[in-house]
Amino acid sequence: MKLGYFPGCSLHATAREFDESLRAMAPRLDLELDEVEDWACCGATSAHNTNHLLSVSLPARTLAISEAQGHESLLAPCAACYSRLAYARHALEADPSLCDPVKDAIGREPPTTVQVLSIVRLLADLAPRIREKVATALDGVQIACYYGCLLARPAELNDVGSVEAPTAMEDVVKAVGATPVVWNQRLECCGGGFSLSRKASVVRLSRSIVEDARAAGAAALVVACPMCHLNLDFRQKAIARRSGERADMPVFFLTQLVGLALGMSATELGLGRHYVSTADFVARLSGQEGAAESASEEIKEVG
Amino acid sequence: MARIGVFVCHCGENIGRTVDCAQVAEACGSFPGVVHSVDYKYMCSDPGQLQIKEAIKEKGLTGVVVAACSPHMHEKTFRKAAAAAGLNPFLCEMANIREHCSWIHEDRARATAKAIDLTRFIVEKVKRNQPLVPISIPVERRALVIGAGIAGIQAALDIADGGREVILVEKEPSIGGHMSQLSETFPTLDCSQCILTPRMVEAFQHPRIKLMTYSEVESLEGYIGNFAVTIRKKARSVDDELCNGCGDCQSACPVKKIPSEFDAGLGKRTAIYVPFPQAVPNIPVIDRERCTRFKAMRKGKKKEVCGRCLKACGREAIDFAQEDRLITEKVGAIVFATGYQLYSIGEEQPREHLSGYGEYGYGEIPDVIDGMQFERLASASGPTGGRIERPSDGKEPETVVFLQCVGSRDPQKGIDYCSKLCCMYIAKHTMLYRHKVHHGRAVVFYMDVRAGGKGYDEFVRRAVEEDGAEYVRGRVSRLYRAGDKVRVCGFDTLSGEPLEMDADMVVMATAIQPQPGIESLAQKLSVSYDKSGFINEAHPKLKPVETNTAGIYVAGACQAPRDIPDAVAMASAAASKVLGLFSNEELERDPCVAQVDETTCSGCFHCERVCPYGAVEHLEVRDRGGNLIKVIAKVNQGVCQGCGTCQATCPSKSVELLGFTDAQIFAAINSL
């Protein structure tokens, strides 16, 4: 299956491992990723707070190029990118009077056909194929699926199931043999883009997420958003200082978890780029004595 | 040759101000066939009517046209006058020059010209009118009441006390409906069962009420005054003649852990059971889905298993071989009173447009219950004997949070309407709780309190001022488990602040919905319903208990959310309508119904497909030798409502609506 691919800025910067793991995993699931040429910023967080036309035009341009490249579906792994791209499609359909100004702004016909896909929806739809190709089953491993705010909301852009009780990420986790835990904070806010400007708020919010996942017995958190990953992984040390616990809750991108189950190495999946070590988790998966050390060696190398 | 009389009315100033009535009368006098044309200030007055009567006699009129107000207003008046003078009433018609002319125009000259046109139109039609005789239909003076909750019981008792026989059908094993589950009732806090049980017994013992419990309406044929209803009497597996209700079978039954429907899932029952001790009739029924013996039979086991109830029964009343029976009864009128059910917050929904509450965990937290479950907890006959104990661990809850409008007024979940009773019963719940748990906190999250009704607002105030209920204006966004508590995340819109609190138990006032399956029953009865499944009344103000099908009436919560006083009032209203219908042996009907020309009908049955009332039947035409020649359409005059859809549809022009034939309508149109 050939898919348009929109990495967005995060996947080329703070969330490089999201991009690496996705590209590494794709061929194993018979996915061909065709990056949108000359893509631009999706406009997340700043554009829609300042200028509505700009906030629609920026993603509309990328979508229009994607259509011109012949993509039926465009994969936007970052939750914020997904939200902006899907919003642009929705806004242009809901309000036809936007089409002319957007056309003027981007210098081409606004998009009308391409379907925006989140990574969660894509993998949930591929769950049967993933189940077939699992090499290292994560049998019984307890995983907390964290959606955050942008994957499920707003309702009209949601492609992960119910707004209040989505299940798509859990479906993927089940497909790799792991057990999704029942916990309370999977839709709460992690603090998002305030990671730099209001660190204290982010630490407070993300702390309750990590603690609730731990209380529910999770061995790891799984996310599908670079901002969530940043706050839960990078900020975990600060969280641990407050709570007095150890910063030992690994936070995986969904693609990394699927990659592990498909038998890919820590290096391929960019696990060394995390701040919270994933070595123990990976070692327990392979279930070998001394595996922890070799895994941590491998992970160190990359880091 | 037609001899038409035209009578133009001024209606005081109503018509006369804008229309020159004398000029209209003069112009009409020159129409071909018009032999008499006059105007008068008030045609509907006695002297006005006298003019019509005298003209009919003196001028030998063959038709009368009264140019005045809408026929809805006075057609009956003038037809009665015409009939008194010996003219067939259907030869008298009205031209509406008030609502259709004088009231809506200002220019006197043009309005007068239009009034002349409108009158000419009717004159041309009346020239071709045929005398018609009202259809009289015999009335089967027995009624069917569907649903034996408080509405059905009340309607049945009123009809039976009025001297007519009633068949009262209930799909559950006992009559009583939801009212029998309630603890106390607002706004008086009197015991629900104490006031209901005597009515149940009265219905059971009434010589003119035939009770059919554990039965459902299978199909309906016929029309007002002459319905034939087929009722499925489901197999109880217990002979109701032999059983004396001793209860030995229930004690013997080994399957004891079935969630009791009567206790809203909080209590347990056996596989052979009576729903509750005061059940009427006090005859058990075997739940074949859960009975060990029937389960084994379904799996194809030859050996007869269990059978302990059979051994325990001293009267040999247990009958495993009993089958459903279909019984057909003739009735003249029907009262639809199937009641309500509570909306489920779970993922599974009975109707496609509904969705549950994921944010409340789809009701998977055991200490989150609905209003009916709280009724059972508070009821002396309930699973806890009236002690307030929470379901998870049986502890007495110290803090109970009540959520109003769960489902109701939430278009996102598919329900736009207000369920009307919840404000009242939540206030009642806070009082019942505080009367039993004096140190407990009762916190209510509400959108606004709607307590319209006699003594209702006073009741809510009492809950707040005397019984200490804490009302928080705002919605709850999430519920989740926090240890052995339920974390309630909400928003106080009066202080403008988010609010989080831990509750020991949460009670949700879930929306009132019609019973599942009401749509298919309504279709069987040709009764219309709204998008939520509630039965439509014939007119929202003036015909609140009639349905769009003549002879079928509606009462109680199947029409809209209704509390007990409303349901009882509706039931009595429906009963009085039924008794009014039954006050005559024969029913007179407007003869303006469709008629099929047997010689030209080709039997294509387009008319049957378009008829909204199911009035078209098949008629076999045979020669003298009894050989079938053709099958053609025949209109049942009792069912036909005279809408004319068949007439417009018939490709061979073989259907005519009497009083509105093509010849009449085309002649009228051609006159313009």
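How many other C-beta atoms lie within 10 Å of Ser526(B)? Panel E gives the count. The model shown in every panel is predicted.

**Panel A. Four parallel strands of chain B make an open sheet.**
The strand order is β2-β1-β3-β4. Strands β2 (34–40) and β4 (92–96) of chain B stand at the edges. Each has a single partner strand, so one side of each is left without a neighbour in the sheet. From one strand to the next, the twist averages 20°. Five bridges link β3 (residues 63–68) of chain B to β4(B), in the parallel sense.

**Panel C. A second open sheet in chain B has five strands.**
Which order do the strands take? The order is β10-β7-β6-β18-β29, with parallel pairing. The edge strands are β10 (209–212) and β29 of chain B. Each pairs with a single strand, so one side of each is left without a neighbour in the sheet. Neighbouring strands are turned by 20° against each other on average, direction ignored. Strand β18 (residues 333–336) of chain B joins β29(B) over three bridges, in the parallel sense. Here Val335(B) faces Tyr553(B) in β29(B) as its opposite residue.

**Panel D. Strand β6 of chain B is mostly covered.**
Five of the five residues of β6(B) are buried. In a regular strand, side chains alternate between the two faces of the sheet. In β6(B), both faces are covered. Arg142(B), Leu144(B) and Ile146(B) are on one side. Ala143(B) and Val145(B) are on the other. Strand β7 (residues 165–169) of chain B runs parallel to β6(B), and five bridges join the two. Ala143(B) has Val166(B) as its bridge partner in β7(B).

**Panel E. Two residues of chain B other than glycine have positive phi.**
Ser526(B) has a phi of about 55°. The residue lies in the loop between α15 (518–524) and β29 (552–554) of chain B. Within 10 Å of Ser526(B) there are 17 other C-beta atoms, so this serine is partly exposed. A residue needs 20 or more to be buried and 12 or fewer to be exposed. Phe605(B) has a phi near 60°. Look for Phe605(B) in the loop between β31 (594–596) and α17 (606–610) of chain B. With 15 other C-beta atoms within 10 Å, Phe605(B) is partly exposed too.

Pro187(B) sits in the loop between β8 (184–185) and β9 (190–191) of chain B. Pro281(B) belongs to the loop between β15 (272–273) and β16 (285–286) of chain B.

**Panel G. Helix α16 of chain B spans residues 564–581.**
The helix has 18 residues and reaches 26 Å from its first C-alpha to its last. That is close to the 26 Å expected at 1.5 Å a residue. Its buried residues include Ile564(B), Ala567(B), Val568(B), Ala571(B), Ala574(B), Ala575(B), Val578(B) and Leu581(B). An α-helix has 3.6 residues a turn, so residues three or four places apart point the same way. The cover over the buried residues of α16(B) includes β6 (142–146), α7 (150–161), β8, β18 and β29 of chain B.

**Panel H. Domain 2 of chain B meets domain 4 of chain B.**
The domain assignment gives domain 2 as 142–234 + 324–339 + 515–581 and domain 4 as 345–513. Their centres, taken over C-alpha atoms, are separated by 30 Å. In the contact, 13 residues of domain 2 touch 23 residues of domain 4. The domain 2 side has six nonpolar, five polar and two charged residues.

**Panel I. Chain B touches chain A.**
The contact takes five residues from chain B and four residues from chain A. On the chain B side, three are nonpolar, one is polar and one is charged.

Definitions and conventions:
Residues numbered from 1 in each chain as written. Chains lettered and ligands numbered in written order. Predicted model: local features only at pLDDT ≥ 70, side-chain atom pairs only at ≥ 80, totals over all residues. Pairing = 2+ DSSP bridges. Axes fitted to C-alpha atoms, helices over the stretch in contact; angles between N-to-C directions. Contact = placed C-beta atoms within 7 Å. Nonpolar A, V, L, I, M, F, W, Y, C, P; charged D, E, K, R; others polar. Expected span 1.5 Å × (residues − 1). Domains from an automatic or database assignment.
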